[in-house]
Amino acid sequence: MDKPRNQAYEWGEQAEELAADYLRAKGYTVRERRWRYGASKKEIDIIAQQDDTMIFVEVKARTDSDTDPLEAVDSRKMRFLCFAADAYLNEQEHDYFYRFDIIGISGTPADYSLRHIEDAFLPPLMAR
Amino acid sequence: MLSKIYSAAVHGIEAFIVTIETVVDKGTLFTIVGLPDTAVKESYTRIVSAIKESRVVYPHRRITINLAPADVKKEGAGFDLPMALGILAANENITNPELASCMIAGELSLDGTVLPVKGVLPMAVKARQNGFRKMIVPAANATEAAVVNDIEVYGVENLIQAIDLLNGNSTLQPTVVDTRREFHLHADNFDLDFSDVKGQESVKRAFEVACAGGHNILLIGPPGSGKSMMAKRLPTIMPPLSLHEALETTKIHSVAGKLGRGSMLMTRRPFRAPHHTVSPVALVGGGTSPQPGEISLAHNGVLFLDEFPEFPRTVLEVLRQPIEDRVITVSRAKYSVDYPASFMLVASMNPCPCGYYGHPTRRCTCAPAQVQRYMNRISGPLLDRIDLQVEIQPVAFAEIASTARSESSTDIRARVVKARTVQQERFREEKGVYCNAQMSSRQLRRYAWPDSEGLERLRMAMERHNMSARAFDRILRVARTIADLDGSPGVLPRHIAEAITYRNLDRGTYGQIF
């Protein structure tokens, strides 16, 4: 049985759909949706491609427009996205450049505003 | 793709080669391995920002950097530039088949400007030893590196210049320094001169003797008698630096980051005057990542300690070993570094806490016990390493107002150089001895033994002034130098007589009568 889906969860799913449409409209190819990295429960919302660049998109949905979507992505999330993206790129035959984008959508399905932050962050340093 | 860039790190005052290997391939992670310290880890931020500011697209791919040798801790920001160029070379933004014969060092700022780094001179020396043909260094360090000839040195202002240079799109010319010419041009260039000092002829003479024999000297005199003034002029009468000495001294200053922008070889002997609040580590060198201290910065020059008894005892006692060995070893659990520290010690002090003990016109307000206690702050073993102890009197008005020009530094120096030449000849066969001050007791007996009349005079003086036994060796040593200045092969009674006057503190009565 499906878990009871609350309003926020549904809005999140809708927002991802809106973001994917937005990216397609921009000319990107959406390669993956909700791509899962290994056994992790976490996922990459959208993986899109534009020429030689693979774009890893985190979608943040908000019912208000006060918070910055960039602030909603913390360093733990960034770390996860980087490791997941690294694994994804290694699976590919072709050698791609990476880019991490954040799309913030706020409002309601009927009346929303979308903000796209390209190249939002770089991978943190891995020093052993 | 893999790129290899060569850089260098400093250990003591010598550099060692660090190979920076960079691989760019599939993925997103940015990794630095090979024992980087915090400053090296932080270079990631600077490199990314600098590359983005430099009209070059930062490669958004997996970047792995290895700093070899992997077992030595890499410190400082000097790897920023080579790492940035390594990334670009691995990403094929830079294609230059001669990268392997090029040594690169420099710190990057966020806007891509290349900032100066410490220790460029020892790096250049190492680069030449290892057959590198080119060096890319910060523009501010270019002349410093160019002191080492036979290697093409390019000083770059920013990352773009470095990229263009390596890609052959640059008209940047190598920095050329004619080291020998520069050296000889500036060698005798002083803004101070002993002729500025009015009166004080006996003290000037003591300085001349000290320089001629490499003796340490202690000045005892009331405030305002010109102790510091004369000490500052001491480098002007010391023998000129040899090119080798100049290089060694410059290296130390380079490692300590004390050379200014665009400086070349240090052609004058250094004069270091640390304040008496100096810590033991600041004086002799050390710290978690060891840095040379004041005694090493004074290498081949003068270390002037004003208000000698005010220095904490712990600070003074650490001086004893480097004065003997002329080198200081800073030891850590994993390694130790040597810093040369061959300096002439010039100390000055007041005769008593109030400053007027023995003053011709003013009354000393100290109790005899106070004077004694003040003297006792300097330990015997340390005092033992100071051959000349000279009392200095304030200058009389007639002498200050006098317009008669006193002897110039050049004239005094000529005599000093002559005396030094005699000593070089004498100690040619003796290992590790270069001047009279370094003679052992056995060598004293061989080279500085006076005739019977001289011995008799020495015996009388020692009895009259109640001198200690250790004064005996000191007097002979100084007498030898005075004889050398005199051009005399043997030590004559008059040389002994003069030497005795430089042992004020050995008079057992000092501080007891007056």
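User: In which loop is the place of E92(B)?

Analyst: Happy to start there; this is a predicted model, where local features need pLDDT of at least 70, side-chain atom pairs count only at pLDDT 80 or more, and totals for chains, interfaces and linings use all residues. Residues are numbered from 1 along each chain as its sequence is written, while chains are lettered from A and ligands numbered from 1 in the order in which they are written. Helices (DSSP runs of H or I, at least four residues) and strands (runs of E, at least two) are numbered from the N terminus. E92(B) has its place in the loop between helix 2 and strand 5 (102–104) of chain B.

User: Does E92(B) count as buried or exposed?

Analyst: A residue is buried if 20 or more other C-beta atoms, placed from the backbone, lie within 10 Å of its own, exposed if 12 or fewer, and partly exposed in between. E92(B), a residue other than glycine with a positive phi near 65 degrees, has 11 C-beta neighbours inside 10 Å, so it counts as exposed.

User: How exposed is D119(A)?

Analyst: D119(A) sits in the loop between strand 5 and strand 6 (125–127) of chain A, and its phi is positive, about 50 degrees, although it is not a glycine. It has 15 other C-beta atoms within 10 Å, so D119(A) is partly exposed.

User: Which strands of the chain A sheet stand at the edges?

Analyst: Strands pair if DSSP finds at least two bridges between them. Five strands of chain A form an open, mixed sheet in the order 1-2-3-4-5. Each edge strand has a single partner, so one side is left without a neighbour in the sheet; the two are strand 1 (29–36) and strand 5 (112–117).

User: Which residue stands opposite W35(A) in strand 2 of chain A?

Analyst: Strand 1 of chain A runs antiparallel to strand 2 (residues 43–50), and six bridges join them. The residue in strand 2 of chain A that stands opposite W35(A) is I44(A).

User: What angle does the direction of helix 1 of chain A make with that of strand 3?

Analyst: Axes are lines fitted to C-alpha atoms, for helices over the stretch in contact, with angles from 0 to 180 degrees between N-to-C directions. Contact means that the C-beta atoms of two residues, placed from the backbone, lie within 7 Å. Helix 1 (residues 7–26) of chain A packs on the sheet, and its direction makes with that of strand 3 (53–62) an angle of about 140 degrees.

User: Which strand of chain B gives the most to the side that touches chain A?

Analyst: The contact joins 15 residues of chain B with 15 residues of chain A. Strand 3 (30–33) and helix 1 (38–52) of chain B each supply at least two residues of that side. With four residues, the element giving the most is strand 3 of chain B.

User: How far apart are the C-alpha centres of the two domains of chain B?

Analyst: An automatic or database domain assignment sets the bounds, giving chain B domain 1 (2–177) and domain 2 (186–432). Their C-alpha centres lie apart by 40 Å.
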